[in-house]
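Work through the exercises below with the sequence and the coordinates at hand. Each task is followed by a stepwise solution.

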Amino acid sequence: MEFFIANTVSGLAYAMLLFLMAAGLSIIFGLMKIMNLAHGSFFILAGYVAYTFSRSGMNFWLSMVLAVIVISIFALIIEKLFISRVHGSETDQVLLTVGLVFVLGDLALWIWGGNFLSIPVPAIFDFSLDFAGMTFPAYRLFVIAMGILFAFVLWYFEAKTRVGMIVRAGVDDMEMVSALGFNVKIIFSGVFIFGAALAAFGGVLSGPILGMYPMMEWEILVNSMIVVIIGGLGSWKGAFIASMIVGFVDIFGRIYMPTFAMAFIFILMVAILMVKPTGLFGRVES
Amino acid sequence: MKKAFLSTGLLLITILILPLFISPFLVYLSTEILVFAIFAMSLGLIMGFGGMPSLGHCALFGLGAYTVAILSEYTANIYLLLGAAILISLCFSIVTGYIAIRNKGVFFLMITLAFTQVLFLITSRMKFWGGNDGYSASVTANFGFGEITSNMGLFYMMGFFFVLSYFLLKLFVNAPAGKVLKGMMENEGRMIALGYNPKTYKMIAYLIAGSMAGLAGGLYIYKTQFVSPALFSVHMGAEVMIMVFIGGLGTVFGPALGAGAFVFLQNYISTMTDRWPLILGLLFIAIVLLKRGGILHLIQFVTTFGLKLFKPSRSRNAPVDKQVKGKEQAS
């Protein structure tokens, strides 16, 4: 039982990181119809940037904020320079974003080297909670809390605010939204930056847990893609539930059958697709 | 149909006389090019004619390679080994195709990518078959008339399979089924209205491409004698995708040209710098932003332009216009 609960905590923490990634991926696709394969690169670059800031003496929180800002600006540049030119063509999007992943991955390898790096756990959370004879690393609990908080904020934002309403309408029919006089370019840029910022936030949070290493962007991208497929594109609720499923299956699969951990998630994905091709809560036709 | 025979004949002659004109090193490099040409042409079929972008096509290539490498412990019969490679890839395509083809575009891509990633993780954790370090196999090709060990022999062996694959693909593309497939890509709704079931035709193309990639993977082992999980990596999937684009999407022969250009470039650039992925990525971005089509489109443009100069009375540019249009719609 202790073993089970301890792993539940790490599974949940991993699920929250996946959720932050998948929420951005899902909303960018839902609204802009852009499959951003470079989303994983935002995640890992944020980790690297925060690592550099924290190495230069800044504390965890400041380097987190700075890293998120840096990545957001970077995402704005990417969106304006490249992504805005490939609307409507799926193969172009795939090629372009795969190219970006290669370029960014190689630049990261160049700058930060090929070794495993990790950000030190912030001092406030550098302790373990003892509860009912079990110990929980406080930082993981913090990550879970942040994930739930963000899920709530996103839900509120989507369901209750005017901006959320525009976004919801855009997922269903972007042309109509632009016909009603909303500036599509600004909405697109805003959503793209917001998604990138979410990924960057997740990337910095994951720094003390998962660390950063070359080719990690693909690993995290594929996992969050599976989350998006299971949860359904354009749905934050789906992303949240699916990331819990994937996080749990991944952590427990790794413990009980390390070789086939991924295969479990995958069989699950296939099963869900067979029953419901749009994913659990998908609104976008696949 | 006549054209298919003609172009295959030309290709066969080119392959036969090519080693007379190029250096031994280029012959050695060309064996690799020919293997990747088969692989790229198979992806070119589903991407250029079926509108199914796959980042996971390397799964089928890798499966073919692993099959030959593992089974070579038990038998040396090349017919059996290559047959098994094709069969395993075919079975895998049936399973993945059945699930992936229900979805279009980006969903198709994500699902094929996920399948490939699973194979990558499984092979890299299988200690039994070498895990991350890969698996060496010593295989010698023997079709019943002596062992093929020289570079020249390997070149002709790959060349034979390359011409064969080209011919089969050309036949398929020109056959009614191939035309229906292309019609699906350009206007699926209309083809459905005409009474065709898109899934059937896409599946046929997917299975052909899958078994061809398996064959290429099986042949690859005869060149390298080594398999590793890197065959299943996204890098591999993206590399073969770029071959298709460099060569010319929407043509049968284009991807083969792209494979040639790519392997050639990779060999020269990697000797000069370690930053190959960076250059590769920039190449991807450049190709998308320039939107100029591939090498074959360029050749077609130049030849029709030349023909126009010499024969102003007979307009020969109609077929090319059509192809360029097809390409625009595809991209």
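## Exercise 1: Chain A as a whole

Chain A of this predicted model contains eleven helices and two strands.

Task: State the order of the elements of chain A, and decide how its radius of gyration relates to the globule rule.

Solution. 
- Step 1. Read from the N terminus, the order of elements in chain A is α-α-α-α-β-β-α-α-α-α-α-α-α.
- Step 2. For 286 residues the globule rule gives 19 Å, and the radius of gyration of chain A is 19 Å, so chain A is as compact as a globular protein of that length.
- Step 3. The C-alpha trace of chain A spans about 60 × 45 × 35 Å along its principal axes.
- Step 4. Of the 286 residues in chain A, 52% are buried.
- Step 5. Taking contacts in chain A between residues at least 6 apart in sequence, 75% join residues at least 24 apart.

## Exercise 2: Chain B as a whole

Solution. 
- Step 1. The secondary structure of chain B consists of 14 helices and four strands.
- Step 2. A compact globule of 331 residues would have a radius of gyration near 20 Å, and the 20 Å of chain B agrees with this.
- Step 3. Along the principal axes, the span of the C-alpha trace of chain B is about 65 × 50 × 40 Å.
- Step 4. Buried residues account for 47% of the 331 residues of chain B.
- Step 5. In chain B, 78% of the contacts between residues at least 6 apart in sequence join residues at least 24 apart.

## Exercise 3: A helix pair in chain B

Task: Classify the packing of H1(B), residues 2-21, against H6(B), residues 151-174.

Solution. 
- Step 1. The axes of H1(B) and H6(B) are 10 Å apart, at an angle of about 170°.
- Step 2. Angles over 145 degrees count as roughly antiparallel, so H1(B) is roughly antiparallel to H6(B).
- Step 3. Residues that H1(B) brings to the contact include Leu11(B), Leu12(B) and Ile15(B), and those of H6(B) include Phe155(B), Val163(B) and Phe167(B).
- Step 4. By class, the contact between H1(B) and H6(B) has eleven nonpolar, four polar and one charged residues.

## Exercise 4: The buried side of H6(A)

Solution. 
- Step 1. The buried residues of H6(A) are Val167(A), Gly170(A) and Val171(A).
- Step 2. Their arc around the axis is only 100°, so they lie on the same side of H6(A).
- Step 3. The cover over these buried residues includes H1(A), H5(A), H7(A) and H8(A).

## Exercise 5: Where the chains meet

Solution. 
- Step 1. Chain A gives 35 residues to the contact and chain B gives 33 residues.
- Step 2. H4(A) supplies the largest share, 14 residues.
- Step 3. The residues on this side of chain A divide into 25 nonpolar, six polar and four charged.
- Step 4. Apart from its neighbours within four places in sequence, Phe82(A) is in contact with Leu96(A) and Ile285(B).

How values were computed
Residues are numbered from 1 along each chain as its sequence is written. Chains are lettered from A and ligands numbered from 1 in the order in which they are written. This is a predicted model: local features need pLDDT of at least 70, side-chain atom pairs count only at pLDDT 80 or more; totals for chains, interfaces and linings use all residues. Axes are lines fitted to C-alpha atoms, for helices over the stretch in contact, and angles run from 0 to 180 degrees between N-to-C directions. Angles under 35 degrees count as roughly parallel, over 145 as roughly antiparallel, 65 to 115 as roughly perpendicular and the rest as oblique. Two residues are in contact if their C-beta atoms, placed from the backbone, lie within 7 Å. Ala, Val, Leu, Ile, Met, Phe, Trp, Tyr, Cys and Pro count as nonpolar, Asp, Glu, Lys and Arg as charged, and the others, Gly among them, as polar. The radius of gyration is taken over C-alpha atoms; the globule rule is 2.2 Å times the number of residues to the power 0.38. A residue is buried if 20 or more other C-beta atoms lie within 10 Å of its own, exposed if 12 or fewer, and partly exposed in between; C-beta atoms are placed from the backbone. The arc is that of the directions from the helix axis to the C-beta atoms.
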